Amino acid sequence: MKNGKGQILVVDDNPQNLRVLGSMLKENGYRVALAENGIEAVKYAADKHPDLILLDIMMPEMDGIETCKHLKADDRTAEIPVIFITALTDTEDKLRAFNAGGVDYITKPFVLEEVMARVDVNIKRKEVEEKLKQANIELKRADKLKTQFLSLVSHELRTPVTPITAQLQMMLAGYFGEVTEKQKKSIEMVLRNTARLDRLIGDILDISKLESGAMKFVMAKADLNETVEHAVEIMESNARKKNITITLKEDKIPEIVFDKDRIAQVVINLVNNAIKFTDPGGTIDICLLNNTSYAIVKVTDNGIGIKKEDLERIFVPFEQVDSSMTRKYDGSGLGLSICKGIVASHGGEIWVESEAGKGSTFQFTLPYRRGIAEKNVKVNLFEKQVGNKLLEV
Ligand code: ADP
């Protein structure tokens, strides 16, 4: 509101009505402008942007409905709330008024308290809407900045990692002189941590690309059975180290278009989590199912499971069930959000069913027809997800 309670434009061909309404509004703290016909009103509104318009329906030449349609068709005036003044009691006429874009109506003869109440309510509503709109613009700007920041920082952080790793590897290979057993252990430890840092930076970079729609997908016809089998093979030695048994059951999936490496990344991530959160001696069952119009990949473990109240946040970046400094399992809380972004970019869905203490089933779909990752798909990864959106639709 520019100042005070705002400005109201009153439009009526009857000077008596204009006077009554005008003085009443002024008494209640509003600034008032008066117009005797629709043409004048449209022109005034485009120039001066009043906060609300009281508009008589029955006017010669351009009637109120027509005037309102003009106001709503012009970007400069479309957002100004219009309250109709009408002597009509016919429901059809009232509907016409709402259809033309009116927010409310007042019937003649006026009850002054009612007019004021309706004006006040609509002025308040407009104020709140404007604040919301502004907040939304600011949120979007902040969100864009966050994505740019993530991308910039991760690029800058990654640059020095490559030469650090190369120098350490040369050191380890004895290129700079003989290395003692103690030194070797120390260099290996630094190398392990550098690799971990590199993975973390890579994950942050993936998140920022998925969020901004800049992730490049290499889409080609490929064999999903082969991709899943290969991903499982990669994870088998990790499972063996924890004495965890992995089984794979698969339907034959028709050849479809997807990004082999990215989908393998999703499967590896889910199986890696299943191994991480399952005690030694446990089992992991992986199923690849052909569901007529899409494939489903299902990873079930009998590990620690997830409490109901934690289910909706684990797909959000940096969210972990246990985020304490002393937590038992390492990780950055980015894996599942990257999986969600990759699957969503393929037109699929990912979700989890779990019970604390019993185990978890993570599954994702890959549609056969919408197999091409849309260019510049932006995925809102920071939004919480409950259950399987695919089944809710
Ligand atoms: P992290 O790097 O922490 O594993 P993720 O995004 O992959 O990050 O997973 C987020 C959180 O979800 C994990 O920290 C864990 O609390 C929970 N989680 C993921 N997979 C499982 C699973 N198979 N069983 C139990 N909890 C899981």
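Strands here are DSSP runs of E with at least two residues, helices are runs of H or I with at least four, and both are numbered from the N terminus. The model is predicted: local features need pLDDT of at least 70, side-chain atom pairs count only at pLDDT 80 or more, and totals for chains, interfaces and linings use all residues. Residues are numbered from 1 along each chain as its sequence is written, and side-chain values use heavy atoms, with hydrogens and water left out.

**The parallel sheet**

β4 covers residues 82–86 and runs parallel to β5, joined by 4 bridges. Another 4 bridges join β3 to β4, also in parallel. There, Leu55 has Phe84 of β4 as its bridge partner. Two strands count as paired if DSSP finds at least two bridges between them.

These strands belong to an open sheet of 5 strands, ordered β2-β1-β3-β4-β5, with parallel pairing. Its edge strands are β2 (31–35) and β5 (104–107), and each pairs on one side only. Neighbouring strands are turned by 20 degrees against each other on average, direction ignored. Axes are lines fitted to C-alpha atoms, for helices over the stretch in contact, and angles run from 0 to 180 degrees between N-to-C directions.

How many residues of β4 are buried? The count is 5 of 5. Buried means under 20% relative accessible area, exposed means over 50%, and partly exposed lies in between (1.4 Å probe, protein chains only). Val82, Phe84 and Thr86 are buried on one side of β4, Ile83 and Ile85 on the other. In a regular strand, side chains alternate between the two faces of the sheet.

**Helices on the sheets**

Helix α1 lies across β1 (7–11), β2, β3 (52–56) and β4. Helix α2 touches β1, β2 and β3. Contact means heavy atoms within 4.5 Å.

| Helix | Residues | Angle to a strand |
|---|---|---|
| α1 | 15–27 | about 165 degrees to β2 |
| α2 | 38–48 | about 165 degrees to β1 |
| α7 | 224–241 | about 175 degrees to β7 |
| α8 | 260–276 | about 175 degrees to β12 |

Asn17 is found in helix α1. Asn17 counts as buried because its relative accessible area is 12%. Leaving aside neighbours within four places in sequence, Asn17 is in contact with Asp12, Lys108 and Phe110.

**The mixed sheet**

A second open sheet has 5 strands in the order β7-β9-β10-β12-β11, with mixed pairing. β7 (245–250) and β11 (350–355) stand at the edges with a single partner strand each, so one side of each has no neighbour in the sheet. The twist averages 15 degrees from one strand to the next. β7 and β9 (residues 283–290) run parallel, joined by 6 bridges. Ile246 stands opposite Ile284 in β9. Helix α7 touches β7, β9, β10 (294–301) and β12 (359–367). Helix α8 touches β7, β9, β10, β11 and β12.

**A surface patch**

Met171, Tyr175 and Phe176 form a nonpolar surface patch, with about 350 Å² of accessible area together. Met171 sits in helix α5 (residues 112–172). Met171 counts as partly exposed because its relative accessibility is 34%. Patch residues have over 30% relative accessible area and no salt bridge; like charges are joined within 9 Å, nonpolar side chains (Val, Leu, Ile, Met, Phe, Trp, Tyr) within 5 Å. A salt bridge is a side-chain nitrogen of Lys or Arg within 4 Å of a carboxyl oxygen of Asp or Glu. Accessible areas come from the Shrake-Rupley method with a 1.4 Å probe; for residues, only the protein chains shown count as cover.
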